[in-house]
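Colleague: I'm new to this one. Can you walk me through it?

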Amino acid sequence: MAEVSAKSFIPETFQGYTPEIAGQIGLLWELIKAPLIVPVLTVCVYICLAMSIMVFMERLYMGVVIILVKLFWRKPEKRYKWLPMEEDGDDLEAAGANFPVVLVQIPMFNEKEVYKISIGAACNLSWPADRLVIQVLDDSTDFVVKDMVERECLRWASKGVNIKYQIRESRGGYKAGALKEGLKHDYIKQCEYVVIFDADFRPEPDFLKRAVPFLIHNPDIALVQARWRFVNSNECMLTRMQEMSLDYHFKVEQEVGSATHAFFGFNGTGGIWRIGAINEAGGWKDRTTVEDMDLAVRAGLKGWKFLYLGDLQVKSELPSTFKAFRFQQHRWSCGPANLFRKMVMDIATNKKVTLYKKCYVIYSFFFVRKIIAHFFTFFFYCLILPLTILVPEVYVPKWGSIYIPCIITMLNSVGTPRSFHLLFYWVLFENVMSFHRTKATLIGLFEAKRVNEWVVTEKLGDGVKNKSNNKSIGFKKSIFKFLGDRVSVHELGFAAFLFICGCYDFLYGKNNYFIYLFLQTITFTIAGFGYVGTFVPS
C-alpha cells in the first residue's frame, strides 16, 4: 500500500527516484494520514459546509425580500414624501429661492483621461447657478495633469459656473482627507447638501432635481444613493464579470438594505449627503480604506436613514486592466474587514438603533457578506475540496459541493440577465479573485502592513485607443518589466496545485471533480499570465 501511494505522487521519471525513498515517503504519509490529516481535513470540510449554509441563507433571504419588494413594496416616491422642485417656468434663476445650496465635490488624483468628463457633467447639472457650488479636489502629483485640471476649471468659471479648484500640500488621508478638507472652506457654510462624484462619473442633468427633494421633505434621511451604470461594460470579459457582480450588489443588496432597514453602505460616489448628518456622525475619517462605509455605519448608528434609488442612475467606468482591478478589490475587501474589527463593539453597544438592526449590520452586512463569503469561496473551492481528492477518506456531501453552490450562483445571476450565458466563467473568475479578497480580508482583520494601502483605481477613458497606437512602447520595455506587469506567481502556483489534484482525480477519483478542477486550472493560468482584461504597457 505504501509503494502504491508513493508512486501516485512521485513519477518514476523523477531524477533521484528509488523504490526505497518512495516507500519511506508512502509509509510516512500512511502514518500521519489517519491520525492527523483526515481529522483536520474533516473539520475543515464541516467549517466550509457551515459557511456555505450561512452564505446560502443570506442569498435566499435577499432573494425572497427583493421579490417581495418588486411585487408589493411601494416606490420611494410613495414611501417617502417627494415633491418636484418648484420653478417659475423655465427660468431657473427666478426660482432660485426655492432651491437649497448644493455642493458638488469631485476628488481627483492624476485623472488625465477622464477629468473633463466629470467636470463637464457636474457643470451641466440642471440647478440654479447661484445655488450650486462645484469643488474640484485635486490631489494630483503630476504637475502637467494639475495644470490641465485647473485650466478646465477656469474655462467653466469663465462661463459663469461657480467652480472652485482646491489643492492640498499633501495627500494625507487620501480621498477621505480631501473630502474632509473640502468641507472646511468658509463658502461651504451656506451649503445644505453635498453630492460626491468620482472623476469617471457623469451624472445626468436632472440628477439633483430627482434626489434633493427626498432630503428636503424627509429630515430623517441622510443619504440618497444612486445606482451605477457602466459605459465600458462591453469592453472586455473582465468588465463583463465586474458588471455581473456590481449589478447584483446594487439591484439586490442595496435595494434590500434600503427597503428593510433604511441602511446600506455608501458607495463613495454617486450619492448625496445631508452635511448636517456628516458632521453629526463625526465627519470623514481616514482610519480605513473604505471611508465611505465608515461614514455610513457611523451615521446609521446615529439613527439616520438611507435611501437607495435604483431608477436614478449615474454612468461610470469600470477598471479594465487586471492590475487596477486587483488593487481595487484589495481595498474593497481589506477595508470592510478592518472597519468591522474597529467598530463591532461600537455597533453592539449602540443605544440609538434596534437590536434587530444591530444584528443585521454585524451579521449580515459585515460578517457574512464581507468576510464569510470570501473565506468560503476561496478555502472550499480552491483548497479544501481539491485536498479531499487526495484524501478520499474525507467525505464531502453532494449538497455541499454541488447543489447549494449552484443555487447560490443562480441567485447571484439575477442582477444581469443578459450575461447569464457567462455565468459559469463568472464562477471560475470569482474563485480566482477570492484568493486576493481572502488575503485582503485577513490583512484587514489582523491589521497587517498593507491594511491602509491606497492605490487609486486607474481609469483609462480613451487612453486604451491612444496607447494602442504607439507600437514602439512594447519594444522599449525590458522583458523583466513586462513579466512583472503581467505574470502573477500566486495564480500560477494555484493552477499547478489544482492541475495535480485534477490529474489524481482523473486517475483514481470517483466524483468526476477533475472537470471543474481542469477548468479552474485554465482560469488561474489565464489570470496568472495576465491575459485578463485590457493590457496597457506602463
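Colleague: What should I know before we start?

Modeller: This is a predicted model, where local features need pLDDT of at least 70 and side-chain atom pairs count only at pLDDT 80 or more, while totals for chains, interfaces and linings use all residues. Residues are numbered from 1 along each chain as its sequence is written, and side-chain values use heavy atoms, with hydrogens and water left out.

Colleague: How many salt bridges does the structure hold?

Modeller: There are 18. A salt bridge here is a side-chain nitrogen of Lys or Arg within 4 Å of a carboxyl oxygen of Asp or Glu.

Colleague: OK, what does D220 pair with?

Modeller: D220 bridges to K305, with the closest N and O atoms 3.4 Å apart. D220 sits in the loop between α7 (207-217) and β5 (221-230), and K305 is in strand β7 (residues 305-316), so the bridge ties together parts 85 residues apart in sequence. Helices (H or I, at least four residues) and strands (E, at least two) are DSSP runs, numbered from the N terminus.

Colleague: Which residue does D247 meet in a salt bridge?

Modeller: R227, at 3.5 Å from N to O. That pair also links distant parts of the chain: D247 is in helix α8 (residues 237-261) and R227 in strand β5, 20 residues apart. D247 is buried at 4% relative accessible area, and R227 is buried at 7%.

Colleague: Which residues are joined into one network?

Modeller: R287, D294 and R298, through salt bridges that share partners.

Colleague: Switching to rings. How many aromatic pairs are there?

Modeller: The whole structure has 32. Rings of Phe, Tyr and Trp (its six-membered ring) pair if their centres lie within 6.5 Å; planes under 30 degrees apart count as stacked, over 60 as edge-to-face and the rest as tilted.

Colleague: Where do W228 and F250 lie?

Modeller: W228 is in strand β5 and F250 in helix α8, so the pair ties together parts 22 residues apart in sequence. Both W228 and F250 are buried. They also belong to one aromatic cluster, whose members include F201, W273, Y308 and F366.

Colleague: Now the surface. Which residues make the nonpolar patch?

Modeller: Among them are I53, L68, F72, W399 and Y403, and the patch covers about 1,100 Å². Patches use residues with over 30% relative accessible area and no salt bridge: like charges are joined within 9 Å, nonpolar side chains (Val, Leu, Ile, Met, Phe, Trp, Tyr) within 5 Å. Accessible areas come from the Shrake-Rupley method with a 1.4 Å probe; for residues, only the protein chains shown count as cover.

Colleague: Which element gives the largest share?

Modeller: α2, with 8 residues. L68 lies in that helix, α2, and is partly exposed at 42% relative accessible area.

Colleague: Last one. How far apart are the end C-alpha atoms of helix α19?

Modeller: They are 20 Å apart. The 15 residues of α19 (residues 514-528) should span 21 Å, which agrees. The expected span is 1.5 Å times one less than the number of residues. Buried residues in α19 include F514, L517 and F524. Just after α19, G530 takes a positive phi of about 80 degrees.

Key. Buried < 20%, exposed > 50% of the residue type's maximum accessible area, 1.4 Å probe, protein only.
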